[in-house]
Amino acid sequence: MKLKRLLTTVVFASVAFILAACSNQSQSGGKTVVKVATDSDTAPFTFKENDNFKGYDIDVVNAIFKDSKEYKVEFVTTAFDSILTGVDADRYQIAANDFNYNEERAKKYLFSDPISHSNYAITSAEGTSYDSLDDLSGKKTEVISGSNYAQVLENWNKENPDKEPINIKYAASSTGLTTRIQHIENGTIDFILYDAISSNYLIEDQGFNLTVTNVKDSIGGKNDGLEYFLFANTDEGKDLQKFVNKRIKELKADGTLTELSQNYFGGDFVSGIE
């Protein structure tokens, strides 16, 4: 009797497993669903237009997975500081949000080959130019906790205890770059450290009367200014990284990445990547 009940339980469990698997496959057309996380608020890399996902990162992802027989892509909007925690929990399989390299991330995540190369830039009031981190001593700014830009400024404060620290205010993850840029105009803060592509794009697109200056300091070594996609450091993440990197090489060789760079950035920020 006990054996009969055990066999019945095993059969029901097997049927449930098979039905669940079939259900998942039918929802994705038999393909593996790859969820790509972005905050949709980092133009021109990622943004929303009439509820449609747009931007350089978005179009690169679409080009990578175009006509794939194995994968189906779904984009998900989430707060910036939830992107990597979502990758940790396997809610998302790719993080695409103008991510730069840092050693802390490299210990935990896998990086794609670089997809663009920009530069750190400092946005400040019109007529005021800062081209070095040393120029920011005693100045006020806003950052998103956990971002590469926050880490750069935090590290400067730690490495320069004899100088007046940069006054760092941590904004909510939902506070977009546009809002923080507006805080420069109204005098709440003195500057924003960000990448040159995004900064110049936003200033021109929104018509702000501000100054954008490239940082002359070397930040981050050989990886300075490079942009990547991130994956979980798992077997599945390694498989996805291998597929993505293969396609990135192909898209760079056939000129697709350069064309997208021209479209979104107004210049070639791809060809110089080694």
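I count two strands as paired if DSSP finds at least two bridges between them. Helices (H or I, at least four residues) and strands (E, at least two) are DSSP runs, numbered from the N terminus. This is a predicted model: local features need pLDDT of at least 70, side-chain atom pairs count only at pLDDT 80 or more, and totals for chains, interfaces and linings use all residues. Residues are numbered from 1 along each chain as its sequence is written, and side-chain values use heavy atoms, with hydrogens and water left out.

**Parallel pairs**

I started with β1 (residues 32-38). It pairs with β5 (residues 71-77) in the parallel sense, over 7 bridges. I looked up Thr38 and found its bridge partner in β5 to be Thr77. β1 also runs parallel to β6 (residues 94-99), joined by 2 bridges. There, Val36 has Ile94 as its bridge partner.

**The antiparallel sheet**

Next I took the open sheet of 3 strands. Its order is β2-β3-β4, and the pairing is antiparallel. β2 (41-42) and β4 (52-54) are the edges; each has a single partner strand, so one side of each lacks a neighbour in the sheet.

I then went through the two hairpins. β2 and β3 (residues 46-49) pair over 2 bridges, and 3 residues lie between them in the hairpin. Thr42 stands opposite Thr46, and Asp41 stands opposite Phe47. β3 and β4 pair over 3 bridges. Glu49 stands opposite Asn52 in β4. The hairpin of β3 and β4 has 2 residues between the strands, and Asn50 there takes a positive phi near 55°.

**Rings**

I checked Lys48 next. Its charged end sits over the ring of Phe53, 4.5 Å from the ring centre. The rule for this is NZ of Lys or CZ of Arg within 6 Å of the ring centre and within 35 degrees of the ring normal.

For ring pairs I used Phe, Tyr and Trp (its six-membered ring) with centres within 6.5 Å; planes under 30 degrees apart count as stacked, over 60 as edge-to-face and the rest as tilted. That gives 12 aromatic pairs. Ring pairs link Phe45, Tyr56, Phe265 and Phe269 into a cluster.

**Cores**

I call a residue buried under 20% relative accessible area, exposed over 50%, and partly exposed in between (1.4 Å probe, protein chains only). A nonpolar core is a set of buried Ala, Val, Leu, Ile, Met, Phe, Trp, Tyr and Cys residues joined through side-chain atoms within 4.5 Å.

The largest core has 29 residues; among those touching the most other members are Tyr56, Val60, Ile94 and Phe229. The largest share, 7 residues, comes from α2. Which residues does Val60 touch, not counting those up to four places away in sequence? They are Ile115, Phe229, Leu251, Leu257 and Leu260. Contact here means heavy atoms within 4.5 Å. Apart from this core lies another, of 27 residues, including Leu133, Ala150, Leu177 and Ile219.

In α6 (residues 177-185), I find Leu177, Arg180, Ile181, His183 and Ile184 buried. They cover an arc of only 150° around the axis, which puts them on the same side of α6. The arc is taken from the directions from the helix axis to the C-beta atoms. Gly187 follows α6, with a positive phi near 85°.

Last, I looked up Asn148, in α5 (residues 148-159). Asn148 counts as buried, at 4% relative accessibility. Leaving aside neighbours within four places in sequence, Asn148 is in contact with Asn100, Tyr101, Asn102, Arg105 and Tyr120.
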